[in-house]
Number of protein chains: 2
Amino acid sequence: MSNESNAYWTVRSYPDGEISAANFELLAAPVPEPGQGEVLVKTTHLVVSPPLRMALGTGGIAGKPLPLGSLMRGSGQGRVVASKHADFKEGDLVAGPFGWQQYAVTDGKQPIPLQKVKPFGDLPVTANLHVMGSGGATAFIGLFDYGKPSAGDTVVVSAAAGNVGSIVCQLAKLAGCRVVGIAGSEEKCRWLTGSLGVDGAINYKSEKVSDALGRHCPDGVDVYFDNVGGKTLDAVLDRINFGARVVLCGATSQYEGDSQWYGPSKYFNLVYKQATMQGFYIFNFQSRFPQIFARLQALIEEGKLTYAEDQMQGVGSLPDALVKVLSGANFGTQLVNLDV
Amino acid sequence: MSNESNAYWTVRSYPDGEISAANFELLAAPVPEPGQGEVLVKTTHLVVSPPLRMALGTGGIAGKPLPLGSLMRGSGQGRVVASKHADFKEGDLVAGPFGWQQYAVTDGKQPIPLQKVKPFGDLPVTANLHVMGSGGATAFIGLFDYGKPSAGDTVVVSAAAGNVGSIVCQLAKLAGCRVVGIAGSEEKCRWLTGSLGVDGAINYKSEKVSDALGRHCPDGVDVYFDNVGGKTLDAVLDRINFGARVVLCGATSQYEGDSQWYGPSKYFNLVYKQATMQGFYIFNFQSRFPQIFARLQALIEEGKLTYAEDQMQGVGSLPDALVKVLSGANFGTQLVNLDV
């Protein structure tokens, strides 16, 4: 180990509005040695998703930013390369919040338990970072436990081509719903209607969401799976049906910028429509993950569920990957492959 | 009838911001004659509540304002003074949306069914306009069906000294909750803590609600019954506990003014706290009203539930009554007695 170095990204500065790669600093240190009861993990893949933006401060809703100079946070997969821990041995594939670095030392407990990773059937092991991981579980629990779709319902999904949104769209179609997805490019919209079988797709960058919703949802909206917040949430609230369920999952439109978050000014339609707006924390449902993953795996193997991965290469590309997902330029779950 | 006149208020102009009596015009016409299948009602009491403000236009959430020159809307009680309707006879006490006028003609169907009014036990008949009416039912359904309080929960109620809020406070205390009320005067706060047995009262006109909530709710908020919206809703959302229930009932702070409503910028705490925000339409629960009213009547007769009425006298005082309730200067349900 001793003649290799560990490249890692720290928080150099807080953005004034939109984030840029210059807000991070790439440093290097000797690869750390695991102490008694610890393991050394070589990171293979990190997931880069919009909520990471909040590590650099945002509008006062999501706690304090990381202190300047801290290791940037992030989760992913890695391989145990040295172990002084009874439960892990060299070569084990593991998942955890390793941070933006090539190597991580952990006692397997902090900050969250280190998990061994086994691929599902013939799926690539990286699927455990999205469809066969918390993203897939979030889509499943959010749609079925909170969205409670009935056949024939109109389901609207924002960030519909993303990790969670794309699974929600497909599960809702399988449940017999009419599904309308909102995404940020023509290519994504074509993927939604072409490959995922969604009934309608709205490119929010080229048309006004409220107008397009009127066209795509003539009978109103029964379930809204919200990954973006902001004025899109308002536009959907304006069209909810009696008894509608608004499932809050993400607020991508609000993570950039340090001002107060945009609150949904149409929230009072929840009263007029006797409707519900709910959030949930996916890790409270962990006991159901095995059952959910078995179902998702079966759907994938039957060709009824698909997903997309967007990989960038090398530890150096991590900041660019975050800028990319915040602009919506990624296609599918954004991964960075560090095993290069 | 023919030598009496019917005084009535029309909408003269839309307010630019806060409403004033000058936005209404008092006119008079001959008392109308009921046609075949119709009754003539002499209005005895009208309820004047903040949502009436929306009849004159507000921020684009609650539909179109009444056209200029229209009879101002409003609901209350009256006495049948002439009937050509098989189901109603002279002297019947009835309730309905008679509008701001001394006499109303109705076919008993439009715009909503005319209802016969019977006092509950020894309660004044005007109690049917609040605690033994939709206000009491709203408090009961909102708190129990949507707030789902458990003994020991902290329940926060805004407009706590109002028609609905004061009943919610007392029902929550009876359910073993810790109750904190938010109201707009020292007198109301004293009534809440003194007569209603509420654990803490916050005068939002003299202290910052967010600071006061920190003091009064050291263990967070499990149920919030919201009658006001605006920044008070944000202040409470900022302190909700895991699994909290936010019950949307009114948005008094938002009815004045024609700009966009203030959306709760802290709504995303519903995600972090796996919490629910819900609205409901009380008239969907009408089949349960008899059972609810029996329970409320028993509580009143046992001395466990009280209420306050604020009466103004004469048809001429209707606009002033609306200005009064919007400023929060009323104490209890605002009625206008037209039977003078």
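This is a predicted model: local features need pLDDT of at least 70, side-chain atom pairs count only at pLDDT 80 or more; totals for chains, interfaces and linings use all residues.
Colleague: Hi! Which strands of chain B does helix H1 of chain B lie across?

Modeller: Helix H1 (residues 134-147) of chain B lies across strand S8 (154-158), strand S11 (221-226), strand S12 (240-248) and strand S13 (276-279) of chain B. H1(B) runs at about 145° to S12(B). Axes here are lines fitted to C-alpha atoms, for helices over the stretch in contact, and angles run from 0 to 180 degrees between N-to-C directions. Helices (H or I, at least four residues) and strands (E, at least two) are DSSP runs, numbered from the N terminus.

Colleague: Thanks. At what angle do the axes of H1(B) and H7(B) cross?

Modeller: They cross at roughly 95°, and the axes of H1(B) and helix H7 (residues 289-301) of chain B come within 10 Å. That makes H1(B) roughly perpendicular to H7(B). Angles of 65 to 115 degrees count as roughly perpendicular, under 35 as roughly parallel, over 145 as roughly antiparallel and the rest as oblique.

Colleague: And which residues of H1(B) and H7(B) meet?

Modeller: Gly136(B), Ala137(B) and Phe140(B) in H1(B) meet Phe289(B), Ile292(B), Phe293(B) and Leu296(B) in H7(B). Six residues of this contact are nonpolar, one is polar and none is charged. Ala, Val, Leu, Ile, Met, Phe, Trp, Tyr, Cys and Pro count as nonpolar, Asp, Glu, Lys and Arg as charged, and the others, Gly among them, as polar. Two residues are in contact if their C-beta atoms, placed from the backbone, lie within 7 Å.

Colleague: Over to chain A. How many residues of H1 are buried there?

Modeller: 12 of the 14 residues in helix H1 (residues 134-147) of chain A are buried. Among them are Ala137(A), Phe140(A), Ile141(A) and Leu143(A). A residue is buried if 20 or more other C-beta atoms lie within 10 Å of its own, exposed if 12 or fewer, and partly exposed in between, with C-beta atoms placed from the backbone.

Colleague: What follows H1(A)?

Modeller: Lys148(A) does, and its phi is positive, near 45°. Lys148(B) also has a positive phi of about 45° although it is not a glycine. Lys148(B) lies in the loop between H1 and S8 of chain B, and counts as partly exposed with 14 C-beta neighbours inside 10 Å.

Colleague: Where does Ala159(A) lie?

Modeller: Ala159(A) is in the loop between strand S8 (154-158) and helix H2 (163-174) of chain A. Its phi is positive too, near 45°. Ala159(A) is buried, with 27 other C-beta atoms within 10 Å.

Colleague: Now the sheet. How many strands does it have, and in what order?

Modeller: It is an open sheet of 12 strands with mixed pairing, in the order S10(A)-S9(A)-S8(A)-S11(A)-S12(A)-S13(A)-S13(B)-S12(B)-S11(B)-S8(B)-S9(B)-S10(B). Strand S10 (200-203) of chain A and strand S10 (200-203) of chain B stand at the edges, each with a single partner strand, so one side of each is left without a neighbour in the sheet. Two strands pair if DSSP finds at least two bridges between them.

Colleague: In what sense do S9(A) and S10(A) pair, and over how many bridges?

Modeller: Strand S9 (residues 178-183) of chain A and S10(A) pair in the parallel sense over four bridges. Ile182(A) stands opposite Ile202(A) in S10(A).

Colleague: How many bridges join S13(A) to S13(B)?

Modeller: Three bridges join strand S13 (residues 276-279) of chain A to S13(B), and the two run antiparallel. Thr276(A) stands opposite Gln278(B) there.

Colleague: How many residues of each chain are in contact with the other chain?

Modeller: 24 residues of chain B are in contact with 24 residues of chain A. S13(B) gives the most to the side of chain B that touches chain A, with four residues. That side divides into 14 nonpolar, nine polar and one charged.

Colleague: Last one: how is chain A divided into domains?

Modeller: Domain 1 covers 5-130 + 308-337 and domain 2 covers 134-283, with bounds from an automatic or database domain assignment. Their centres are 28 Å apart, taken over C-alpha atoms. The contact takes 19 residues from domain 1 and 18 residues from domain 2 of chain A.

Conventions
Residues are numbered from 1 along each chain as its sequence is written. Chains are lettered from A and ligands numbered from 1 in the order in which they are written.
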